[in-house]
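We will go from stop to stop.

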Amino acid sequence: MFHFRLDTSSGVPPYLQLVQQVQQAVLLGFLQPGDRLPLIREVVESLAINPNTVAKAYRQLEQGDLVTGRPGHGTFVNDTLPAAVPPATYTSLRHGLQTWLRRAYAAGLDDHAIAALFSSVHHQTKTKTKRKTA
Amino acid sequence: MRAQPALRTRNVGKRYREAWALRDCTLELPPGRVSALVGPNGAGKTTLLRLSVGLLTPTVGSVEVFGESPTTNSVRALSRIGFLAQDHPLYRQFTVADLLRFGRSCNVRFDHELAARRLTQLGISLDARAGALSGGQQSQVALALALAKRPNLLVLDEPMSSLDPLARQEFQQTLMGAVADGELTVLFSSHAVHELERVCDHLVVINHGQVVLSGDIDSLLAEHRLLVGPRIETDPRGSRSVVEVKHSDRHSTLLVRQGAAAIMPGWQANPVGLEELVLAYLRRPVDLEAGSHKEPA
């Protein structure tokens, strides 16, 4: 059974943390098509979290076509998923980002500057890549 | 169709002798939600909670729980409301079994089985005297009694303030489990803003007897932004959307509502955390003249 975590000091809203954990697990292949997510009641009991928050996360995952809720049975991972990224690739991307962040801090950038730089480069790159693939 | 609010107050004021403990309080709690009531000591939290359950009558304005006044003393209205006072008071000489029997004889609805099962699961003996239980266990007994009524609105006054971290978590598990079982709206007061996001989805902030912020937590966070930019000399506080302004030597930080507002060049918009948001609203000076029930001089 899939286990959720909750980091209340991360600043990320709890429902979004749950959404991201499922997205990441699917991406890494830890969750596979047909797998059942824990029942809302089970998540509530294990994390002492508000059931409305869990329901909101599951709704969002359904809207993103990542999972399907079957009343009375549970919520299941869909089989029309994008190909999972191999964990090694994911780890290497993560490592690259860490290296970059360390360089940015060493260069004296603060969190605001890093966030600003990231969002501007992200925006530019995304626009260019989309134009290329179009 | 909009669901009927679990709790609705309209322009409620409560005066003790000369002083208004609560003034012009208008709010609605949506059903099925878990709401936190936050504010400094003396802000009027306990007064608002006691008004909600019918233990106090408003001096002005009206209080409705699922459309009915809780002070009419109708059995139907009161059987839908559960209340857990501060420090979860229990009859100390009673055994847990005595307390359950007492609860059953005093309520039209009382799920004795549910309470006994839950307490047994937690390892609390029904033969134990209430006074001999630990603080965490006493809070669980009090919560089990309140939930056994199967209330539709459960109001708790600082239920976790005296509990150690493990007992807090167990208390939250029981409470959230009850919400998951359905048909339950929760309102509780708390000082622990940092742990509210885990258990609450709705927030009411009061200060100096007035509601200063209220709404769905995710929506409130989405509506607010911290704008950081070069120091501004003008005072933008006149604008209703600016909640707080802070200046450093070269830059200014503005907390604004309506995050979608146009951002000046050179400015960064950052999301704001719940604790930061609550504190900013509590630091805001309250316009004490604004209440409509001010006594003529």
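Start with the largest pocket, about 810 Å³ in volume. Here a pocket is an open set of points on a 1 Å grid over the protein atoms alone, where a 1.4 Å probe fits, with protein on both sides within 12 Å along at least five of seven lines; lining residues have an atom within 4 Å of a point. Grid points are joined across faces, edges and corners, and the volume is the space filled by probe spheres set on them.

Select Ser10(A), Gly11(A), Val12(A), Pro13(A) and Pro271(B): of the 22 lining residues, these are the closest to the centre. Next, colour α8 (217–223), β13 (268–271) and α9 (274–283) of chain B, the elements that each give two or more residues to this lining. Helices (H or I, at least four residues) and strands (E, at least two) are DSSP runs numbered from the N terminus. The lining divides into 11 nonpolar, six polar and five charged residues. Ala, Val, Leu, Ile, Met, Phe, Trp, Tyr, Cys and Pro count as nonpolar, Asp, Glu, Lys and Arg as charged, and the others, Gly among them, as polar.

A note on the model: it is predicted, local features need pLDDT of at least 70, side-chain atom pairs count only at pLDDT 80 or more, and totals for chains, interfaces and linings use all residues. Residues are numbered from 1 along each chain as its sequence is written, chains are lettered from A and ligands numbered from 1 in the order written, and side-chain values use heavy atoms, without hydrogens and water.

Move to the second largest pocket, of about 680 Å³. Select Phe83(B), Asn107(B), Leu145(B), Ala146(B) and Lys149(B), the closest to its centre. Its lining takes two or more residues from each of β5, α3 (96–106) and α5 of chain B. By class, there are 17 nonpolar, four polar and one charged.

Now show the sheet. Which order do the six strands take in chain B? They run β5-β6-β7-β3-β8-β9, an open sheet with mixed pairing. Strands pair if DSSP finds at least two bridges between them. At the edges, β5 (81–84) and β9 (210–216) of chain B each have a single partner, so one side of each lacks a neighbour in the sheet.

Zoom in on β3 (34–38) and β7 (185–189) of chain B: they run parallel, joined by four bridges. Val34(B) has Val186(B) as its bridge partner in β7(B).
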